[in-house]
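Dear colleague,

Please find below the sequence and structure that I am handing over to you. My notes on what was found follow directly after them.

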Amino acid sequence: MFDKVTMKLNVDPLILSALREDITSEDVSANSVMREAQAGEADLICKEDGVICGLQVFERVYKILDEESSVDFYAKDGDVVKAGQLLAKVHGDIRVLLCGERTALNYLQRMSGVATYTRGMVKLLEGTSIKLVDTRKTTPNNRIFEKYAVKIGGGGNHRYNLSDGVMLKDNHIGAAGGVKKAVLMAKEYSSFVRKVEVEVENMDMVKEAVEAGADIIMLDNMNHEQMKEAIDYIAGRAEIEVSGNVTRENIAALAGLGVNYISSGALTHSSPILDISLKNLHTV
């Protein structure tokens, strides 16, 4: 759950921006059929099986529009939900319930989709000590929501943004003039409390990374035999991450490698939404 400070400083402005995108002056449709304030109620219903996530954000959309709005929840983030399940009842001015519906559902469906997809991938790693983590391949201005959803689904977060950690990718290595130079320059520049991670694509790069003292070595887009060779060579001298087009369809094949982390951009860029609807709106 987002704490009050995070909600006020980082979440509320994004929700407000989304609402402004959807309502530039007024909700013409809602105001056409409801000329005055009228108390109402609607049901939040899940239309397919999955993992629910984003209920706090769903509620916040309505609270930003009208503090008098309220939501009675019958589920919590992380719960496995079923098709047809009643998740909540939303109360408030009918005009507010109507104009906030799409924005509130967009957040809830997207976040629940990410949590559901993540939970499925985590299950494929059960019985191992491997931690599944996300990437920065997130929807612009929705990273805080999508990375939260990954955690609710049972995954972990890689660095949040470029200020969060040192990760030397192919273009950083090219700019520095090689793996060893890049790692040594990063260790010299960054704070001693930060780990240095470097992305490698072949055994020569692996050897350079180990020699330079990289803390984490990411094996990027290597085949199975190449990864096994690299893991044997590293032999515990650095933590190991595997990455590169990891999806629900191929992650099980990586489970036996004995690495520390598997990162997957698919958690946030390829997960489908979970179908959820606001139904049965009526006056009270």
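**Findings from the structure**

The protein contains 10 helices and 12 strands. Please keep in mind that this is a predicted model.

I begin with the overall dimensions. The C-alpha trace spans about 70 × 35 × 25 Å along its principal axes. Of the 284 residues in the protein, 46% are buried. Among contacts with a separation of 6 or more, 70% are between residues 24 or more positions apart.

Six strands form an open sheet with parallel pairing, in the order S6-S11-S10-S9-S8-S7. Strands S6 (131-133) and S7 (166-168) stand at its edges; each has a single partner strand, so one side of each is left without a neighbour in the sheet. On average, neighbouring strands of this sheet are turned by 25° against each other, direction ignored.

Which strand is joined to S7 by 3 bridges? It is strand S8 (residues 196-200), and the two run parallel. Within this pair, Leu168 stands opposite Val198 in S8. Helix H7 (residues 179-189) packs on the sheet, where it touches both S7 and S8. The direction of helix H7 makes about 165° with that of S8.

Yours sincerely,
A colleague

Terms used:
Residues are numbered from 1 along each chain as its sequence is written. This is a predicted model: local features need pLDDT of at least 70, side-chain atom pairs count only at pLDDT 80 or more; totals for chains, interfaces and linings use all residues. Side-chain values use heavy atoms; hydrogens and water are left out. Two strands pair if DSSP finds at least two bridges between them. Helices (H or I, at least four residues) and strands (E, at least two) are DSSP runs, numbered from the N terminus. Axes are lines fitted to C-alpha atoms, for helices over the stretch in contact, and angles run from 0 to 180 degrees between N-to-C directions. Contact means heavy atoms within 4.5 Å. Buried means under 20% relative accessible area, exposed over 50%, partly exposed in between (1.4 Å probe, protein chains only).
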